Amino acid sequence: MHSMDLHTMTQSLVTLAEDNMTFFLSQGPGETARRLSGVFAGVREQALGLEPALGRLLGVAHLFDLDAETPANGYRSLVHTARCCLAHLLHKSRYVASNRRSIFFRASHNLAELEAYLAALTQLRALAYYAQHLLATNQPGGLFFEGDEGLTADFLQDYITLHKGCFYGRCLGFQFTPAIRPFLQTISIGLVSFGEHYKRNETGLSVAASSLFTSGRFAIDPELRGAEFERIIQNLDVHFWKAFWNLTEIEVLSSLANMASVTVRVSRLLSLPPKAFEMPLIADPKLTVTISPPLAHTGPGPVLVRLISYDLREGQDSEELSSLVKSEGPRSLELRPRPQQAPPSPSLVVHIHGGGFVAQTSKSHEPYLKSWAQELGVPILSIDYSLAPEAPFPRALEECFYAYCWAVKNCALLGSTGKRICLAGDSAGGNLCFTVSLRAAAYGVRVPDGIMAAYPATMLQSTASPSRLLSLMDPLLPLSVLTKCVSAYAGGETEDHSDSDQKALGMMGLVRRDTALLFRDLRVGASSWLNSFLELSGHKSHPKSVPMAEPMRRSVSEAALAQPEDPQGTDPLKSLTLHDLSLKGSSETSNSPELSLSTETLGPSTPSDVNFLLGPEDAREEVEGQDELSTRDRGHSVGAAFPEGFHPRRSSQGPTRMPLYSSPIAKNPFMSPLLAPDSMLQSLPPVHIVACALDPMLDDSVMFARRLRSLGKPVTLRVVEDLPHGFLSLAALCRETREAAALCVERIRQVLTLPAPTPSPV
């Protein structure tokens, strides 16, 4: 089906939609038949409207590729995503046409799925028009908007009001490979359940235990899950995401992950003391430069790194290295005496982990790093840099640069001769790989022999691009999460207001406390789990919404059949928040603090916030007068992007709690390496980028590779299909993620392989 050309797919879908629409219109005045007929009419309308927009994008998409061998950019990704949605609707329409007369045909179930994908198709049509708008306003050949900041702000201010919940319910992950969708569903259920308990001052295992028992209703009702997912991503702050992503840091969970990973001889957490040292200059090794310890924001402090090696090599059990070991409890005993040591490796990999600059450590990434150590046969040093918002830019850069220089100077302790050094990282870590190399060149010290960056972020300035539009539907990188992470890294996020007792305990103290509370939460959670199903049974529902004569459970999806259509084209069901549903359910649940949109979650942003995409709010000025075509007038700059009669669905979650102000610091080349001048980029070593076609950060990789290529720098870009951002952490999940992870290993191997000697002329 995906091999069909766009026109054939559209015409097939339109024909089936018309046939199904005619059939259900002939079935009498029943509500279900009427809505089925209406949904097929909507599919026909949206498909016919979407085809020409996608065709225009496809006609120019090749102009933005790195080269003919790498057909990838945000425009292509948008078209591919829309085709996936069309293909699913085509499959479902064929199913309905074949089974609609059967007594086993589940009308309500098929209606709910068709309505969800119609909502998704409508939003994708809006994204196609937004992409056309970017195409018309961007510089020729550029994927990122470089023009008037007021126009960018207005454009994206309109974009963030789009309805998103339809992408997080039944349609969750439809654009990705089928093997990864169950994982995404599990993550989304866990996220919304975790969000319910986050504001109760619970953390770690405590929240995880409570969430386990409240996840039932989100698992069985996709619309409820989608509405709550949208509420969470729009309104919860960066500390929520930090807490959720750091669940993998809990000892119990990390131990389970390590049980399934490769066994290595060495896995030691080291603490590098904050002492200045000298490094030789590349231009003249007789001269040295002083490498000072990190100082930004919190003053001098140790830098944590993790040494991973498949074999025990010379130097790795030395007294000097052992004096730097930081205890991790039982996990620090993985280093065991061996009768003999392997010789030093000629190579070393210095790794910088991802996590949006705000979360995770090398422990979260240890499973795939152990596999790297085995496959490459080299020691790996992974840097645990300090995280935002407590330690914003440039603290992480300072720590990574300090640790990199220490590794270059102390290769012998790490089991390497240091002949070849590769800097590798993913996501935020990829950004830091580039900026560490730029800083090394600025200091005049040795730069790495090459960089492997997986799905890196290279542009943190307020801007827009076609691939960033995919954040509307990405379950791992929603738009508001991107903005909050970058705002935290830029120093714009406010301090966490959690109680002082939690801060005093620290991470390990919280883990021990949460373990003690786990049994309490299991007991309390069991009752909550039972209640979660009873709430959906209809016994507490409004007397007008669910008659008592109905079966035990009537889902939100089934209840949708009785809902009136919204005259504005917004599906009232999919615009319901969990708070709204609780109000319909009972007065008891409507007053629960975790279900309400409090003034805290909807409070105004501070002027210091930095938006990942939006420009300064003060640039958005209303310009009056119909005779003047103003680029700052939303009616002209954004509204004109939609054809007459088309109205995308808008979010009902109220104002999005997102940073609304830009900051000059985001333009710093050590924060946004894509903005670095040519003279700085000329100093980079060979760069190998592995990106994801469906990643909102794809255009970061494409434009950075194009920039290096234009300077004559050696660069490769490989774009993997149908996988989400962060696939390295999912390497063991399926064949596709394993192949993508293997590609990263192969790129590192290219860096570490000594170049063949050039034959001398005879």
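This note comments on aromatic contacts and cysteines in a predicted model.

1. Aromatic pairs. Across the whole structure, the search returns 23 aromatic pairs. One of them joins Phe194 and Phe240, whose ring centres are 5.6 Å apart with planes at 55 degrees, so this pair is classed as tilted. An angle over 60 degrees would be needed for an edge-to-face assignment, and one under 30 degrees for a stacked one.

2. Charge over a ring. Phe23 has the charged end of Arg100 over its ring, at 4.4 Å from the ring centre.

3. The number of disulfides in the model is zero. Cys692 illustrates this: the nearest cysteine sulfur belongs to Cys744 and lies 8.6 Å away. Because a disulfide requires two cysteine sulfur atoms within 2.5 Å, Cys692 takes part in none.

4. Burial of cysteines. Where does Cys692 stand, buried or exposed? Its relative accessible area is 0%, so Cys692 is buried. Cys485 has a relative accessibility of 7% and therefore also counts as buried, the cut-off being under 20%.

Notes
Residues are numbered from 1 along each chain as its sequence is written. This is a predicted model: local features need pLDDT of at least 70, side-chain atom pairs count only at pLDDT 80 or more; totals for chains, interfaces and linings use all residues. Side-chain values use heavy atoms; hydrogens and water are left out. Rings of Phe, Tyr and Trp (its six-membered ring) pair if their centres lie within 6.5 Å; planes under 30 degrees apart count as stacked, over 60 as edge-to-face and the rest as tilted. A charge sits over a ring if NZ of Lys or CZ of Arg is within 6 Å of the ring centre and within 35 degrees of the ring normal. Buried means under 20% relative accessible area, exposed over 50%, partly exposed in between (1.4 Å probe, protein chains only).
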